[in-house]
Amino acid sequence: MRTVLLVAALAASGCAGPGGFQKLYPGMTSREVVEAMGQGPTRAHEFPDRSSAWYYGDDQCVLMREDKLVAKSTTRERTAVDTPIVSIRDTAKAVCAPEGYAIETRDEQRIDTPFGSFKSSLGSTKAPRKSTPPADSAPGADTQPDDAPY
């Protein structure tokens with residue numbers, strides 16, 4: 001059933017209204033989300049806990065679980081430097097994932113000067129992830145985290 005709803009949401013047509021994302025709130029059904037946004041998501045990501053992240057472009061996403069909206073995220077932009085000569089902007093793209101799942105975040109930087117604009121990405125970084133010992137390890141046994149800092 002959930003797959004059918006996801007396919008129907010992806011197949012929906014139309015344009016997202018300017019205030020559609022602001023109208024979203026926890027508890028909305030997938031149908032209500034699609035109606036508020038004016039279209040289905042541009043892409044989706046399924047997680048093992050049976051939740052899914054619906055992305056509307058690169059700047060908005062909602063986290064759905066059991067046909068209900070549980071969280072939403074939007075791209076955040078901050079100005080690090082803004083002078084008449086140079087402007088530097090740092091943007092953190094929207095990311096949705098259930099608590100405890102490792103996800104990659106994307107940050108983009110833009111530098112505007114009188115000589116032109118430069119855009120780059122410093123790469124992606126992994127968000128913190130809960131680490132659990134393997135099922136076959138004994139209680140109290142030494143375990144190594146998945147992502148060692150060295």
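This note sets out numbered points on the sheet, the cores and the salt bridges of a predicted model.

1. Basis of the model. The structure is a prediction, in which local features need pLDDT of at least 70 and side-chain atom pairs count only at pLDDT 80 or more, while totals for chains, interfaces and linings use all residues. Residues are numbered from 1 along each chain as its sequence is written, and side-chain values use heavy atoms, with hydrogens and water left out.

2. An open sheet is formed by four strands in the order 1-2-3-4, with antiparallel pairing. Helices (H or I, at least four residues) and strands (E, at least two) are DSSP runs numbered from the N terminus, and two strands pair if DSSP finds at least two bridges between them. Strand 1 (43-46) and strand 4 (68-74) are the edge strands, each pairing on one side only. On average, neighbouring strands of this sheet are turned by 20 degrees against each other, direction ignored. Axes here are lines fitted to C-alpha atoms, for helices over the stretch in contact, and angles run from 0 to 180 degrees between N-to-C directions.

3. Strands 1 and 2. Four bridges pair strand 1 with strand 2 in the antiparallel sense; A44 has W54 in strand 2 as its bridge partner. The two strands form a hairpin with four residues between them, and R50 in the turn has a positive phi of about 70 degrees.

4. Strand 2 and strand 3 run antiparallel and are joined by six bridges, with W54 opposite V62 in strand 3. They too form a hairpin, here with three residues between the strands, and G57 in the turn has a positive phi of about 70 degrees. Strand 3 (residues 60-65) also pairs with strand 4 over six bridges, in the antiparallel sense; S73 in strand 4 is the bridge partner of C61.

5. Burial of strand 2. Is strand 2 enclosed or open? Six of its six residues are buried, so strand 2 is largely enclosed by the rest of the structure. Buried denotes under 20% relative accessible area, exposed over 50%, and partly exposed the range in between (1.4 Å probe, protein chains only). S51, A53 and Y55 point one way from the strand, and S52, W54 and Y56 point the other way; all are buried.

6. Helix 2 and the largest core. Helix 2 (residues 30-37) lies across strand 2 (51-56), strand 3 and strand 4, and runs at about 5 degrees to strand 2. The largest nonpolar core has 11 residues: F21, L24, M28, V33, V34, M37, W54, Y56, V62, M64 and L69. Such a core is a set of buried Ala, Val, Leu, Ile, Met, Phe, Trp, Tyr and Cys residues joined through side-chain atoms within 4.5 Å. At least two residues of this core come from each of helix 2, strand 2 and strand 3, and helix 2 gives the largest share, three residues.

7. M28 and the second core. Apart from its neighbours within four places in sequence, M28 is in contact with K23, V33, A36, M64, D67, K68 and L69; contact means heavy atoms within 4.5 Å. A second, separate core of eight residues includes A53, Y55, C61 and C96.

8. Seven salt bridges are found in a search of the whole structure, each being a side-chain nitrogen of Lys or Arg within 4 Å of a carboxyl oxygen of Asp or Glu. E35 and R31 form one of these (3.4 Å, N to O). Both residues lie in helix 2, four residues apart, about one turn of the helix. E35 is exposed, at 55% relative accessible area, and R31 is likewise exposed, at 62%.

9. K93 and E108. The side chains of K93 and E108 also meet in a salt bridge (3.9 Å, N to O). K93 lies in the loop between strand 6 (87-92) and strand 7 (104-113), and E108 lies in strand 7, so the pair ties together parts that are 15 residues apart in sequence. K93 is buried at 15% relative accessible area, and E108 is buried at 18%.

10. D112 forms a salt bridge with R110, the closest N and O atoms being 3.1 Å apart. D112 is partly exposed at 21% relative accessibility, as is R110 at 38%. Salt bridges with shared partners join D59, K93, E108 and K119 into one network.
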